[in-house]
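Me: I want to go through the aromatic rings in this model. Let's take them one question at a time.

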Amino acid sequence: MRLNHLDFHVPDIAATADFFIRHFGLRLKDMRGNHGLAILEDDAGLEIVLSHAIAKFGTADQVELQRQTYHIGFILPDRADVDRVHAGLVADRAALSGPPAAMRGGWLFYCTAPGNILVEVGWRPG
C-alpha cells in the first residue's frame, strides 16, 4: 500500500498551486473548472489536491480557521538544497520561520504556503 494523495482545502487554489510548483518542483497534473481544483504531482507519483472547502461536509480551510492544524514536509537530498529552497523563498518574500538550522538530527526550516499551510523543508544525513 502507498499513500496516493493528500487534499488540502485552500481559498486561492491558483496561488497555492503556483507556490508549490515554483518552490518545490511539483507539476500541475490537472486543473479543473476555473481554478476550482488543482492536482499536483511529485516525482514519486504522490498527488497533492488543492480544493475549496465543502460547506455541506462541514469542512473549512486553515485561513478560515485562522489556525495551522497540520504541516507537510519535504525532504531534500542535500543540505545545500535546503539552503537553495530557502533562498528562493526569501527572494519571493514568503512567510518563513527563520533561516535553516540544525534540528532533530537534520537541517531544516519552516515556511507558510498560501492557504496557511505550514511546510517543513529539510535534509537528514543518510
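Me: Is Phe8 buried or exposed?
Reply: This is a predicted model. Phe8 has a relative accessible area of 6%. Buried means under 20%, so Phe8 counts as buried.

Me: How many aromatic pairs does a search of the whole structure find?
Reply: The search covers the whole structure. Phe8 and Tyr70 form one of the pairs. The total is 6.

Me: What kind of aromatic pair do Phe8 and Tyr70 form?
Reply: Their centres are 5.4 Å apart, and the planes make 15°. Planes under 30 degrees apart count as stacked. The Phe8 and Tyr70 pair is therefore stacked.

Me: How many residues apart in sequence are the parts that Phe8 and Tyr70 tie together?
Reply: Phe8 lies in strand 1, residues 5-9. Tyr70 is in the loop between helix 2 (62-65) and strand 5 (71-75). So the pair ties together parts whose separation in sequence is 62 residues.

Me: Is Tyr70 buried, partly exposed or exposed?
Reply: Tyr70 has a relative accessible area of 28%. Buried needs under 20%, and exposed needs over 50%. Tyr70 is therefore partly exposed.

Me: What kind of pair do Phe19 and Phe20 form?
Reply: Phe19 is buried at 5% relative accessibility, and Phe20 is buried at 0%. Their ring centres are 5.8 Å apart, with the planes at 85°. Planes over 60 degrees apart make a pair edge-to-face, so the Phe19 and Phe20 pair is edge-to-face.

Me: Which ring does the charged end of Arg79 sit over?
Reply: The charged end of Arg79 is 3.5 Å from the ring centre. The cut-off for that distance is within 6 Å. The ring belongs to Trp107.

Key. Residues are numbered from 1 along each chain as its sequence is written. This is a predicted model: local features need pLDDT of at least 70, side-chain atom pairs count only at pLDDT 80 or more; totals for chains, interfaces and linings use all residues. Side-chain values use heavy atoms; hydrogens and water are left out. Rings of Phe, Tyr and Trp (its six-membered ring) pair if their centres lie within 6.5 Å; planes under 30 degrees apart count as stacked, over 60 as edge-to-face and the rest as tilted. Helices (H or I, at least four residues) and strands (E, at least two) are DSSP runs, numbered from the N terminus. Buried means under 20% relative accessible area, exposed over 50%, partly exposed in between (1.4 Å probe, protein chains only). A charge sits over a ring if NZ of Lys or CZ of Arg is within 6 Å of the ring centre and within 35 degrees of the ring normal.
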